Amino acid sequence: MKKLLREFSKGIFIENPTFRLALGLCPTLAVSTSVINGFGMGVAATFVLLGSNIIVSAIRNFIPTKIRIPCFIVIIATFVTIVELMMKAYFPALSKSLGIFVPLIVVNCIVLGRAEAFASKHGISRSIFDAIGMGVGFTLALVLISAIRESLGNGTLLGLVIVRGFDPAILFILAPGALLVIGLLIGIVNYLTEK
Amino acid sequence: MNNLTVSPAPHITSGQTTQKIMFKVVLALLPAGLAGIYIFGLSSLRVILISIVSCVMSEAIFLKLRKRDPKAVLDGSALLTGLLLAYNLPPEIPFWLLVVGGCVSIVIGKQLFGGLGHNIFNPALVGRVFLHISWPLYMTTWKNPRWAVDAVSTATPLANEGARGFTYMDLFLGNHGGCIGEVCIAALLIGAAFLIFTKIISWHIPVSFMGTAMFLAWIFGGDGFFNGDFIFHLLAGGLVLGAFFMATDYVTRPLTKMGKIIFGIGCGVLTAVIRLNGSYPEGVSYAILFMNAMVPLIDRYTKTRKYGFVK
């Protein structure tokens with residue numbers, strides 16, 4: 001049990017996919033303009049990660065090594081399709097604002113990376129905890145980045161105005177702001193872990 | 001730094017120190033600042049002072065946080081950054097914007113990269129571009145010279161070409177709206193001459209930069225080909241300020257003569273492209289920042305061959 005918990009907790013800080021492994025930066029840059037978008041993206045990726053990790057680890061002994069990547073992609077694409085259709089049915093607004101980045105979870109480096117580096121080498125229970133840990137880490141990182149960007153760049157948090165009369169710095173909503181915030185946060189996390 | 005021992009051969013010391021160079025550049029910038037204060041009134045002095053104070057304070061605080069010698073703030077580089085930042089801002093800019101700009105220039109533009117000598121981008125331009133993207137409204141609210149009839153707000157000549165006839169003399173002396181330090185070309189040229197005369201900067205970057213921008217403005221700036229008003233494009237906007245004082249920043253320019261010329265041509269091309277085809281009326285700061293990012297590449301390909309070195 002302790003081992004499983006370690007698989008879970010490593011994804012949140014020590015091996016945080018965004019800040020430590022620097023994986024999945026493209027969706028992070030693109031969707032972290034508001035907290036709702038960031039959270040939605042995080043949850044969607046977590047679901048895909050969980051599903052693909054379970055299936056990949058369950059059939060890992062049957063997948064031929066040479067064509068493992070196409071097999072992973074097919075499995076991942078299945079779950080992404082589920083997420084996409086669910087989101088369109090129940091959260092149409094979120095689905096609209098995330099746009100192309102939901103289907104693009106298929107080629108998300110975190111999902112593919114965990115399938116390749118972890119699920120195809122470990123048992124199902126450890127893979128489940130790894131997926132949840134990585135997913136939660138990714139979601140937390142996205143929420144943190146998007147909270148900073150939304151509050152500084154739009155003056156709101158979860159769509160609510162924080163301070164009246166605050167002139168937001170539009171830069172933070174645009175791409176350079178995303179790069180700045182991610183860079184600074186990676187720097188801070190590195191500083192904290194080096195201690 | 002005192003414990004470093006240098007190699008045996010006899011060395012000639014030039015007497016140049018960072019501090020001396022920085023203060024010479026500040027001195028060279030003074031005429032343009034005085035002209036800006038004369039043209040736009042005391043609000044320009046306010047901008048210059050607040051910008052310098054905020055840059056120097058940020059530098060001092062951040063040096064302390066990084067556990068570096070706080071005396072390094074006296075090398076004058078933060079002072080110069082503050083001055084250049086103020087020269088790139090409109091005279092009526094709000095107080096808090098200046099404080100933010102100074103902090104961004106020093107902290108993000110310089111200290112986070114490792115301090116003086118390690119910054120990839122010109123710190124003052126980082127601050128200016130940050131402000132320009134974030135608060136475009138404040139950054140493009142210009143003011144007429146204080147003796148003009150409608151002294152409230154106006155467009156720069158570049159943004160409003162031909163709307164009111166500017167003579168070349170108006171542009172040369174700074175009798176129009178614009179950033180504090182860029183309007184008076186005459187004062188800038190005095191400072192530039194001083195810098196070139198004292199060998200602080202060489203002619204390569206300014207000449208290739210302004211030459212390329214003018215050449216392209218001549219070809220593509222007019223209605224047909226080869227009839228653009230290139231003198232207007234030289235005198236309006238921040239081309240002279242950028243070419244002499246910001247593209248030549250010691251840290252963010254290439255090292256060799258060939259590299260400097262390539263750097264200048266690149267800046268000129270980008271400036272002309274942004275001015276003539278971009279959505280912004282002025283592109284000097286973006287051009288210089290973009291070419292700053294290219295400097296390692298330029299340096300790599302224009303390395304001087306070692307004597308007798310065979311590949």
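1. Let's start with K67(B), which sits in the loop between α2 (42-65) and α3 (77-87) of chain B. Helices here are DSSP runs of H or I with at least four residues (strands are E runs of at least two), numbered from the N terminus. K67(B) and E92(B) are 25 residues apart in sequence, and their C-alpha atoms are 36 Å apart in space.

2. A quick word on what you're looking at. This is a predicted model, where local features need pLDDT of at least 70, side-chain atom pairs count only at pLDDT 80 or more, and totals for chains, interfaces and linings use all residues. Residues are numbered from 1 along each chain as its sequence is written, while chains are lettered from A and ligands numbered from 1 in the order in which they are written. The model scores ipTM 0.83 and pTM 0.88. Chain B averages a pLDDT of 87, and 93% of its residues score at least 70; pLDDT is the predictor's confidence in each residue, from 0 to 100.

3. Stay in chain B and look at two helices. The axes of α1(B) (residues 18-40) and α2(B) come within 6 Å and cross at roughly 140 degrees. That angle makes α1(B) oblique to α2(B). On the α1(B) side, the contact uses G33(B), G36(B), I37(B) and F40(B), and on the α2(B) side L42(B), S43(B), S44(B), L45(B) and I48(B). By class, these residues are 5 nonpolar, 4 polar and no charged. For the terms: axes are lines fitted to C-alpha atoms, for helices over the stretch in contact, with angles from 0 to 180 degrees between N-to-C directions. Under 35 degrees is roughly parallel, over 145 roughly antiparallel, 65 to 115 roughly perpendicular, and the rest oblique. Contact means C-beta atoms, placed from the backbone, within 7 Å. Ala, Val, Leu, Ile, Met, Phe, Trp, Tyr, Cys and Pro are nonpolar, Asp, Glu, Lys and Arg charged, and the others, Gly among them, polar.

4. Buried or exposed: which is M214(B)? M214(B) is buried, since 22 other C-beta atoms lie within 10 Å. Its place is in helix α9 (residues 204-220) of chain B. Leaving aside neighbours within four places in sequence, M214(B) is in contact with F230(B), H233(B) and L234(B).

5. F226(B) has a positive phi of about 60 degrees although it is not a glycine. F226(B) lies in the loop between α9 and α10 (230-235) of chain B, and is exposed, with 9 other C-beta atoms within 10 Å. Over in chain A, A22(A) is not a glycine either, yet has a positive phi of about 50 degrees. A22(A) is in the loop between α1 (2-10) and α2 (25-31) of chain A.

6. Not counting residues up to four places away in sequence, V48(A) touches I76(A), F79(A), V80(A), V83(A), I105(A) and V111(A).

7. Finally, where the chains meet: 6 residues of chain A are in contact with 5 residues of chain B. The chain A side has 5 nonpolar, no polar and 1 charged residues.

Notes. Contact = placed C-beta atoms within 7 Å. Buried ≥ 20, exposed ≤ 12 C-beta atoms within 10 Å, placed from the backbone.
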